[in-house]
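Thank you for asking me to look over this entry with you. Please keep the sequence and the picture open side by side while you read my points.

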Amino acid sequence: GTFSPESISGDVKLEVSQLTADSIPDIMKNKDAASDELSLVFDFNLSIGNNTVTDFNKPVTITVKFDASKVTDLSKVGVYYYNEKDGRWEYVGGKANPDGTITFTVEHFSKYCTMEYKKTFDDIKNHWAKAEIELLISKHIARSENERTFAPDKNITRAAFASMIVKALDIKGINTGKVFADIPVGSWYKEDVYKAYAAGIIAGVSSTDFAPEAFITREQMATMLMRAYEYSTGVKLEGIITTTDVKFTDEDSISSWARRNVDLSSATGLVTGNPDGTFNPKGNMTKAQASVVIKRLMG
């Protein structure tokens with residue numbers, strides 16, 4: 001059933017049990033090897049009368065304790081819930097505090113555990129963006145190629161960049177009637193692209209196509225970023241006054257639709273030009289560069 005506080009009849013009972021890893025070995029074996037659990041597993045059960053409530057019509061905020069003495073990097077600590085159907089732990093997020101509490105929001109009850117995700121990759125050991133990549137991986141915002149490879153210097157696609165924004169800003173499902181003809185039904189990015197579209201962060205390359213697998217250009221990236229900035233801060237882009245008129249030596253090659261966004265992305269410090277004074281608007285972005293700008297967007 002779904003929990004709606006307005007329509008309660010009968011006794012409301014919330015039971016919280018704490019389970020040790022040893023008591024649920026079949027579940028704990030399904031966590032990622034790079035995840036260290038920092039708390040017992042909390043199993044929440046809500047019932048009204050004789051009915052068990054599984055879903056809520058409004059998100060519920062919960063704060064639980066974890067063992068702060070086991071933490072290496074607080075920014076990599078998050079809450080995970082156990083998806084019984086798929087047999088795997090899924091990232092919920094949350095805000096971890098130095099005092100050993102974490103606050104997170106749930107839309108359903110089940111088993112939850114606080115973990116620190118300390119994943120790294122063979123090909124980022126000495127990379128200039130190692131810290132940002134590891135952070136975004138720990139928050140399940142960036143995607144690796146496989147278990148051992150991140151491919152930091154590979155160009156990033158339009159769909160992958162849109163997906164990173166959606167996950168970084170935790171944009172929830174928003175219904176949209178829009179259908180892009182070139183978004184495959186079974187693609188991993190389908191939901192994220194439509195969430196980004198409904199939030200006003202992306203537009204298509206035409207009325208029917210999004211070009212998800214095309215590599216994103218730097219001017220497209222600046223435009224998506226500034227729309228995401230507007231979405232997350234509530235600051236209207238037309239109201240931003242830039243004190244310095246940013247001039248790139250290749251200003252003339254920036255598309256007219258992107259010029260203001262390029263200037264704003266530079267003025268807000270989200271995107272920097274190149275050391276030689278160019279912006280290179282038609283150039284591509286690597287996964288590492290994308291990780292750095294998304295980290296800036298998150299603050």
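Predicted model: local features only at pLDDT ≥ 70, side-chain atom pairs only at ≥ 80, totals over all residues.

1. Of the 299 residues in the chain, 45% are buried. If we take the contacts in the chain with a separation of 6 or more, residues 24 or more positions apart account for 73% of them.

2. Which residues have the most contacts inside the largest nonpolar core? They are Trp89, Phe161, Ile165 and Ile202, in a core that has 66 residues. The largest share of this core, eight residues, comes from helix H3. Apart from it lies another core, which has 19 residues and includes Phe42, Val53, Ile62 and Phe104.

3. Once its neighbours within four places in sequence are left aside, Phe161 is in contact with Ile156, Ile216, Met221, Met224, Leu225, Ala290, Val293 and Ile294.

4. Helix H4 spans residues 190-198, and its buried residues are Asp192, Val193, Tyr194, Lys195 and Ala196. Helix H3 (158-168) is included in what covers these buried residues of H4. Just after H4 comes Gly200, which takes a positive phi of about 80 degrees.

5. How do H3 and H4 lie relative to each other, roughly parallel or roughly perpendicular? As background, two packed helices are described by the angle between their axes and the distance between the axes. Here the axes of H3 and H4 come within 8 Å and cross at roughly 70 degrees. Angles of 65 to 115 degrees count as roughly perpendicular, and H3 and H4 are therefore roughly perpendicular to each other. Their crossing is left-handed.

6. The contact between these two helices is made by Ala159, Ala162, Ser163, Val166 and Lys167 on the side of H3, and by Asp192, Val193, Lys195 and Ala196 on the side of H4. These residues of the contact of H3 with H4 divide into five nonpolar, one polar and three charged.

7. Ala160 also lies in helix H3. Is Ala160 buried or exposed? Its relative accessible area is 16%, and because buried means under 20%, Ala160 is buried. The C-alpha atoms of Ala160 and Glu213 are separated by 8.3 Å, although the two residues are 53 residues apart along the chain.

8. Among the strands, I would point you to S10 (residues 101-108), where Ile102 is found. Ile102 counts as buried, because its relative accessibility is 0%. Leaving aside neighbours within four places in sequence, the residues in contact with Ile102 are Ile62, Thr63, Val64, Phe66, Val77, Gly78, Val79, Gly93, Gly94, Lys95, Ala96 and Thr114. Ile102 and Arg296 are 194 residues apart along the chain, and their C-alpha atoms are separated by 23 Å.

9. Ser35 lies in strand S3 (residues 35-37), and at 2% relative accessibility Ser35 counts as buried. What does Ser35 touch, not counting residues up to four places away in sequence? It touches Met115, Glu116 and Tyr117.

10. Thr217 is found in the loop between H4 and helix H5 (218-233), and with a relative accessibility of 14% Thr217 counts as buried. Its contacts, leaving aside neighbours within four places in sequence, are with Pro281, Lys282, Gly283 and Asn284.

11. Finally, please examine the backbone at two further loop residues. Phi of His140 is near 60 degrees, a positive value in a residue other than glycine; His140 lies in the loop between helix H2 (130-138) and H3, and it is partly exposed, with a relative accessible area of 27%. Asn280 is a residue other than glycine with a positive phi, near 60 degrees. The place of Asn280 is in the loop between helix H6 (259-267) and helix H7 (287-298), and with a relative accessible area of 37% Asn280 is partly exposed.

Terms used
Residues numbered from 1 in each chain as written. Heavy atoms only, no water. Buried < 20%, exposed > 50% of the residue type's maximum accessible area, 1.4 Å probe, protein only. Helix = DSSP H or I, 4+ residues; strand = E, 2+ residues; numbered from the N terminus. Contact = heavy atoms within 4.5 Å. Core = buried A, V, L, I, M, F, W, Y, C linked by side-chain atoms within 4.5 Å. Axes fitted to C-alpha atoms, helices over the stretch in contact; angles between N-to-C directions. Parallel < 35°, antiparallel > 145°, perpendicular 65-115°, else oblique. Left-handed = near helix turned anticlockwise from the far one by under 90°. Nonpolar A, V, L, I, M, F, W, Y, C, P; charged D, E, K, R; others polar.
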